[in-house]
Amino acid sequence: MANPTRIERTSDRELVVTRTFDGPPRIVFEAWTTPELMKQWWAPRSIGVPLLSCEMDVRTGGGYRLAFGQDEASAFAFYGKYLEVTPPSRLVWTNEEDEDGAVTTVTFEERDGKTFLTVHELYPSEAALEAGHGAEEGLPEQFEQLDELLARLTEKA
Amino acid sequence: MVQCSPAHLDASFSALSDATRRGVLEQLGRSDASITELADKFHMTLTGMKKHVGVLEHAGFVTTEKIGRVRRCRLGRRRLEQEAAWIETYRQLWAARFDALDQVVENLKLREQTDG
(Lines give C-alpha, C1' and ligand atoms only; values in the text may rest on other atoms or scores of the structure.)
Protein backbone atom coordinates (compact mmCIF):
# COMPACT_ATOMS: atom_id res chain seq x y z
CA MET A 1 0.00 0.00 0.00
CA ALA A 2 1.47 3.35 -1.05
CA ASN A 3 1.87 6.17 1.44
CA PRO A 4 -0.98 8.68 1.19
CA THR A 5 -0.60 11.87 -0.84
CA ARG A 6 -2.26 14.84 0.79
CA ILE A 7 -3.12 18.16 -0.77
CA GLU A 8 -4.31 21.34 0.84
CA ARG A 9 -5.10 24.79 -0.43
CA THR A 10 -3.47 26.78 2.35
CA SER A 11 -4.45 30.21 1.01
CA ASP A 12 -5.91 31.85 -2.09
CA ARG A 13 -2.54 31.63 -3.75
CA GLU A 14 -0.99 28.49 -2.27
CA LEU A 15 -1.25 24.75 -2.72
CA VAL A 16 0.66 22.28 -0.57
CA VAL A 17 1.17 18.60 -1.41
CA THR A 18 2.78 16.25 1.14
CA ARG A 19 3.92 12.63 1.08
CA THR A 20 6.30 10.33 2.96
CA PHE A 21 8.85 8.21 1.08
CA ASP A 22 10.52 5.09 2.42
CA GLY A 23 14.05 6.28 1.82
CA PRO A 24 16.42 8.93 3.14
CA PRO A 25 16.34 12.51 1.78
CA ARG A 26 19.59 12.11 -0.16
CA ILE A 27 17.96 9.40 -2.28
CA VAL A 28 14.65 11.21 -2.80
CA PHE A 29 16.53 14.41 -3.59
CA GLU A 30 18.59 12.55 -6.19
CA ALA A 31 15.37 11.36 -7.85
CA TRP A 32 14.21 15.00 -8.14
CA THR A 33 17.46 16.35 -9.50
CA THR A 34 18.64 13.72 -12.02
CA PRO A 35 17.00 13.95 -15.47
CA GLU A 36 17.18 10.20 -16.17
CA LEU A 37 15.39 9.53 -12.87
CA MET A 38 12.81 12.32 -13.31
CA LYS A 39 11.84 10.71 -16.60
CA GLN A 40 10.95 7.56 -14.70
CA TRP A 41 8.33 9.15 -12.49
CA TRP A 42 7.35 12.75 -13.35
CA ALA A 43 4.97 11.67 -16.12
CA PRO A 44 3.56 8.29 -15.05
CA ARG A 45 1.66 6.40 -17.71
CA SER A 46 -1.68 7.07 -16.02
CA ILE A 47 -1.54 10.78 -16.83
CA GLY A 48 -1.56 9.89 -20.51
CA VAL A 49 1.05 12.35 -21.75
CA PRO A 50 4.64 11.14 -22.00
CA LEU A 51 7.64 13.24 -21.04
CA LEU A 52 9.56 13.69 -24.30
CA SER A 53 12.61 15.42 -22.95
CA CYS A 54 13.97 16.62 -19.67
CA GLU A 55 16.84 19.08 -19.37
CA MET A 56 17.84 20.24 -15.92
CA ASP A 57 20.78 22.38 -14.88
CA VAL A 58 20.28 21.82 -11.17
CA ARG A 59 22.09 24.68 -9.45
CA THR A 60 20.99 28.07 -8.18
CA GLY A 61 20.27 30.19 -11.26
CA GLY A 62 20.32 27.15 -13.57
CA GLY A 63 17.45 26.48 -15.98
CA TYR A 64 15.22 23.49 -16.68
CA ARG A 65 12.94 22.54 -19.52
CA LEU A 66 10.47 19.64 -19.60
CA ALA A 67 8.66 18.83 -22.84
CA PHE A 68 5.46 16.77 -22.82
CA GLY A 69 3.50 15.38 -25.73
CA GLN A 70 2.84 12.43 -27.97
CA ASP A 71 5.48 13.68 -30.44
CA GLU A 72 7.60 16.75 -31.19
CA ALA A 73 4.85 18.40 -33.25
CA SER A 74 2.32 18.36 -30.42
CA ALA A 75 4.82 18.96 -27.63
CA PHE A 76 4.36 21.63 -24.99
CA ALA A 77 7.10 22.73 -22.66
CA PHE A 78 7.38 23.73 -19.03
CA TYR A 79 10.44 25.73 -18.13
CA GLY A 80 11.94 28.06 -15.58
CA LYS A 81 14.96 28.35 -13.37
CA TYR A 82 16.17 27.15 -10.02
CA LEU A 83 16.14 29.86 -7.36
CA GLU A 84 17.64 27.63 -4.68
CA VAL A 85 19.31 24.24 -4.67
CA THR A 86 20.32 22.95 -1.24
CA PRO A 87 21.05 19.22 -1.27
CA PRO A 88 19.46 17.18 0.12
CA SER A 89 16.83 19.34 1.79
CA ARG A 90 15.44 22.09 -0.43
CA LEU A 91 14.69 22.95 -4.06
CA VAL A 92 13.01 26.14 -5.29
CA TRP A 93 12.17 26.85 -8.90
CA THR A 94 10.10 29.19 -11.03
CA ASN A 95 7.56 28.22 -13.68
CA GLU A 96 7.95 30.69 -16.51
CA GLU A 97 5.96 29.21 -19.38
CA ASP A 98 3.28 31.80 -18.70
CA GLU A 99 2.78 34.80 -16.43
CA ASP A 100 0.55 32.81 -14.09
CA GLY A 101 3.37 30.42 -13.23
CA ALA A 102 3.92 29.47 -9.59
CA VAL A 103 7.10 29.41 -7.57
CA THR A 104 7.54 25.82 -6.43
CA THR A 105 9.39 24.96 -3.22
CA VAL A 106 10.14 21.33 -2.45
CA THR A 107 11.50 20.36 0.96
CA PHE A 108 12.90 16.99 1.97
CA GLU A 109 12.80 16.37 5.73
CA GLU A 110 14.39 13.35 7.38
CA ARG A 111 12.02 11.51 9.71
CA ASP A 112 13.22 8.19 11.14
CA GLY A 113 15.22 7.35 8.05
CA LYS A 114 12.32 8.26 5.79
CA THR A 115 11.65 11.44 3.87
CA PHE A 116 8.72 13.74 4.54
CA LEU A 117 8.31 15.65 1.31
CA THR A 118 6.43 18.92 0.89
CA VAL A 119 5.66 20.55 -2.46
CA HIS A 120 4.56 24.13 -1.97
CA GLU A 121 3.27 26.18 -4.90
CA LEU A 122 2.85 29.94 -4.58
CA TYR A 123 0.91 31.56 -7.42
CA PRO A 124 1.08 35.27 -8.29
CA SER A 125 -2.68 35.60 -7.70
CA GLU A 126 -5.80 33.65 -6.78
CA ALA A 127 -6.88 33.77 -10.42
CA ALA A 128 -3.53 32.34 -11.49
CA LEU A 129 -3.90 29.41 -9.13
CA GLU A 130 -7.36 28.65 -10.42
CA ALA A 131 -6.43 29.20 -14.06
CA GLY A 132 -3.46 26.89 -13.62
CA HIS A 133 -5.72 24.04 -12.63
CA GLY A 134 -8.85 24.72 -14.57
CA ALA A 135 -11.08 25.55 -11.64
CA GLU A 136 -13.38 27.70 -13.71
CA GLU A 137 -11.95 28.11 -17.14
CA GLY A 138 -11.95 24.41 -17.79
CA LEU A 139 -8.98 23.75 -20.01
CA PRO A 140 -9.64 20.68 -22.14
CA GLU A 141 -6.66 18.85 -20.63
CA GLN A 142 -8.06 19.22 -17.16
CA PHE A 143 -11.46 18.04 -18.24
CA GLU A 144 -9.83 14.99 -19.75
CA GLN A 145 -8.25 14.38 -16.38
CA LEU A 146 -11.63 14.83 -14.74
CA ASP A 147 -13.01 12.30 -17.18
CA GLU A 148 -10.33 9.85 -16.14
CA LEU A 149 -11.09 10.52 -12.51
CA LEU A 150 -14.76 9.91 -13.14
CA ALA A 151 -13.99 6.65 -14.90
CA ARG A 152 -11.96 5.47 -11.95
CA LEU A 153 -14.58 6.55 -9.41
CA THR A 154 -17.25 4.81 -11.41
CA GLU A 155 -15.23 1.61 -11.56
CA LYS A 156 -14.93 1.65 -7.79
CA ALA A 157 -18.62 2.27 -7.23
CA MET B 1 -12.73 15.23 0.29
CA VAL B 2 -15.66 15.56 -2.06
CA GLN B 3 -18.69 13.47 -1.33
CA CYS B 4 -20.21 12.66 -4.70
CA SER B 5 -22.31 9.78 -5.89
CA PRO B 6 -21.39 8.43 -9.33
CA ALA B 7 -24.75 9.58 -10.71
CA HIS B 8 -24.12 13.05 -9.38
CA LEU B 9 -20.68 13.08 -10.93
CA ASP B 10 -22.05 11.74 -14.14
CA ALA B 11 -24.39 14.71 -14.49
CA SER B 12 -21.52 17.08 -13.71
CA PHE B 13 -19.10 15.61 -16.17
CA SER B 14 -21.54 15.32 -19.00
CA ALA B 15 -22.58 18.91 -18.32
CA LEU B 16 -18.94 19.96 -18.62
CA SER B 17 -18.13 17.80 -21.63
CA ASP B 18 -19.51 20.40 -24.04
CA ALA B 19 -17.48 23.42 -25.15
CA THR B 20 -20.51 25.74 -25.32
CA ARG B 21 -21.57 24.81 -21.81
CA ARG B 22 -18.07 25.44 -20.51
CA GLY B 23 -18.17 28.79 -22.30
CA VAL B 24 -21.49 29.60 -20.65
CA LEU B 25 -20.01 28.87 -17.21
CA GLU B 26 -17.03 31.06 -17.99
CA GLN B 27 -19.36 33.82 -19.12
CA LEU B 28 -21.52 33.53 -16.01
CA GLY B 29 -18.36 33.64 -13.93
CA ARG B 30 -17.92 37.17 -15.22
CA SER B 31 -21.53 38.28 -14.87
CA ASP B 32 -25.07 36.98 -14.70
CA ALA B 33 -26.90 36.90 -18.02
CA SER B 34 -30.29 36.18 -19.51
CA ILE B 35 -30.85 33.20 -21.79
CA THR B 36 -31.33 35.63 -24.69
CA GLU B 37 -27.99 37.30 -24.00
CA LEU B 38 -26.27 33.92 -23.80
CA ALA B 39 -27.91 32.75 -27.03
CA ASP B 40 -26.66 35.90 -28.79
CA LYS B 41 -23.21 35.57 -27.35
CA PHE B 42 -22.84 31.98 -28.53
CA HIS B 43 -24.70 32.49 -31.83
CA MET B 44 -27.37 29.96 -30.96
CA THR B 45 -31.12 29.76 -31.06
CA LEU B 46 -33.02 30.47 -27.88
CA THR B 47 -34.18 26.85 -27.79
CA GLY B 48 -30.63 25.55 -28.16
CA MET B 49 -29.37 27.75 -25.35
CA LYS B 50 -32.30 26.80 -23.11
CA LYS B 51 -31.25 23.17 -23.52
CA HIS B 52 -27.63 23.87 -22.56
CA VAL B 53 -28.65 25.96 -19.55
CA GLY B 54 -31.05 23.17 -18.56
CA VAL B 55 -28.22 20.64 -18.50
CA LEU B 56 -26.03 22.98 -16.43
CA GLU B 57 -28.92 23.69 -14.08
CA HIS B 58 -29.64 19.99 -13.64
CA ALA B 59 -26.00 19.41 -12.70
CA GLY B 60 -26.16 22.28 -10.22
CA PHE B 61 -23.64 24.52 -11.95
CA VAL B 62 -26.20 27.18 -12.79
CA THR B 63 -29.37 28.50 -11.19
CA THR B 64 -32.04 30.39 -13.09
CA GLU B 65 -34.77 32.71 -11.97
CA LYS B 66 -37.59 34.17 -13.96
CA ILE B 67 -37.84 37.91 -13.50
CA GLY B 68 -40.77 39.28 -15.46
CA ARG B 69 -40.41 37.82 -18.93
CA VAL B 70 -36.67 37.30 -18.66
CA ARG B 71 -34.91 34.21 -17.30
CA ARG B 72 -31.69 35.24 -15.53
CA CYS B 73 -28.87 32.73 -15.18
CA ARG B 74 -26.12 32.76 -12.60
CA LEU B 75 -23.49 30.35 -11.34
CA GLY B 76 -24.86 27.80 -8.91
CA ARG B 77 -23.52 26.33 -5.71
CA ARG B 78 -21.64 23.59 -7.45
CA ARG B 79 -18.75 25.95 -8.02
CA LEU B 80 -17.37 24.93 -4.65
CA GLU B 81 -17.69 21.27 -5.43
CA GLN B 82 -16.13 21.96 -8.78
CA GLU B 83 -13.14 23.37 -6.99
CA ALA B 84 -12.94 20.35 -4.70
CA ALA B 85 -13.07 18.15 -7.79
CA TRP B 86 -10.13 19.82 -9.48
CA ILE B 87 -8.09 19.70 -6.30
CA GLU B 88 -8.82 15.99 -6.14
CA THR B 89 -7.75 15.62 -9.76
CA TYR B 90 -4.55 17.46 -8.99
CA ARG B 91 -3.96 15.28 -5.93
CA GLN B 92 -4.38 12.19 -8.07
CA LEU B 93 -1.76 13.49 -10.49
CA TRP B 94 0.73 13.88 -7.66
CA ALA B 95 -0.28 10.54 -6.14
CA ALA B 96 0.39 8.82 -9.49
CA ARG B 97 3.76 10.55 -9.75
CA PHE B 98 4.70 9.67 -6.23
CA ASP B 99 3.77 6.01 -6.64
CA ALA B 100 6.19 5.95 -9.58
CA LEU B 101 8.76 7.80 -7.47
CA ASP B 102 8.48 5.07 -4.79
CA GLN B 103 9.82 2.63 -7.36
CA VAL B 104 12.73 4.93 -8.25
CA VAL B 105 13.57 5.30 -4.55
CA GLU B 106 13.48 1.50 -4.11
CA ASN B 107 15.84 1.07 -7.05
CA LEU B 108 18.26 3.65 -5.67
CA LYS B 109 18.22 1.99 -2.25
CA LEU B 110 19.00 -1.36 -3.85
CA ARG B 111 21.84 0.20 -5.80
CA GLU B 112 23.33 1.65 -2.59
CA GLN B 113 23.15 -1.75 -0.90
CA THR B 114 24.78 -3.44 -3.87
CA ASP B 115 27.54 -0.84 -4.08
CA GLY B 116 28.10 -1.43 -0.38
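Trainee: How much of chain A counts as buried?

Mentor: In this predicted model, 21% of the 157 residues of chain A count as buried. The cut-off for a buried residue is 20 or more other C-beta atoms within 10 Å of its own.

Trainee: Which elements make up chain A?

Mentor: Chain A has four helices and eight strands. Read from the N terminus, they follow the order β-β-α-α-β-β-β-β-β-β-α-α.

Trainee: What is the order of the strands in the open sheet of chain A?

Mentor: The eight strands lie in the order 1-2-8-7-6-5-4-3, with antiparallel pairing. On average, neighbouring strands of this sheet are turned by 20° against each other, direction ignored.

Trainee: Why do strand 1 and strand 3 of chain A stand at the edges?

Mentor: Strand 1 (6-11) and strand 3 (51-56) of chain A each have a single partner strand, so each has one side without a neighbour in the sheet.

Trainee: How do you know that strand 4 and strand 5 of chain A pair?

Mentor: Two strands pair if there are at least two bridges between them. Strand 4 (residues 63-68) and strand 5 (residues 76-86) of chain A are joined by six bridges and run antiparallel, so they meet that cut-off. One example is A:Gly63, whose bridge partner in strand 5 is A:Lys81.

Trainee: What joins strand 5 of chain A to strand 6 of chain A?

Mentor: A hairpin does, through three residues. Strand 5 and strand 6 (residues 90-94) of chain A also pair in the antiparallel sense over four bridges, and A:Val85 stands opposite A:Leu91 of strand 6. Strand 6 of chain A pairs with strand 7 (residues 103-111) of chain A as well, antiparallel and over five bridges. There, A:Trp93 has A:Thr104 of strand 7 as its bridge partner.

Trainee: Which strands of chain A does helix 1 lie across?

Mentor: Helix 1 (residues 25-33) of chain A lies across strand 2 (14-21), strand 3, strand 6, strand 7 and strand 8 (114-122) of chain A. The angle between helix 1 and strand 7 of chain A is about 155°.

Trainee: Now to chain B. Why is helix 2 of chain B called roughly perpendicular to helix 4 of chain B?

Mentor: Helix 2 (residues 19-30) and helix 4 (residues 46-58) of chain B pack at an angle of about 70°, with their axes 10 Å apart. Angles of 65 to 115 degrees count as roughly perpendicular, so helix 2 of chain B is roughly perpendicular to helix 4 of chain B.

Trainee: Which residues make the contact between these two helices?

Mentor: Helix 2 of chain B brings B:Thr20, B:Arg21, B:Val24 and B:Leu25, while helix 4 of chain B brings B:His52, B:Val53, B:Val55 and B:Leu56. Together they divide into five nonpolar, two polar and one charged.

Trainee: Which residues touch the most other members of the largest nonpolar core?

Mentor: Among its 29 residues, A:Val28, A:Ala31, B:Leu101 and B:Val105 do. Strand 2, helix 1, strand 4, strand 6 and strand 8 of chain A each give two or more residues to this core, as does helix 5 (78-115) of chain B. Helix 5 of chain B gives the most, with nine residues. Leaving aside neighbours within four places in sequence, B:Leu101 is in contact with A:Phe21, A:Ala31 and A:Trp41. Apart from this core lies another, of 14 residues, including B:Val24, B:Val53, B:Ala59 and B:Cys73.

Definitions and conventions
Residues numbered from 1 in each chain as written. Chains lettered and ligands numbered in written order. Predicted model: local features only at pLDDT ≥ 70, side-chain atom pairs only at ≥ 80, totals over all residues. Axes fitted to C-alpha atoms, helices over the stretch in contact; angles between N-to-C directions. Parallel < 35°, antiparallel > 145°, perpendicular 65-115°, else oblique. Contact = placed C-beta atoms within 7 Å. Nonpolar A, V, L, I, M, F, W, Y, C, P; charged D, E, K, R; others polar. Core = buried A, V, L, I, M, F, W, Y, C linked by C-beta atoms within 7 Å. Buried ≥ 20, exposed ≤ 12 C-beta atoms within 10 Å, placed from the backbone.
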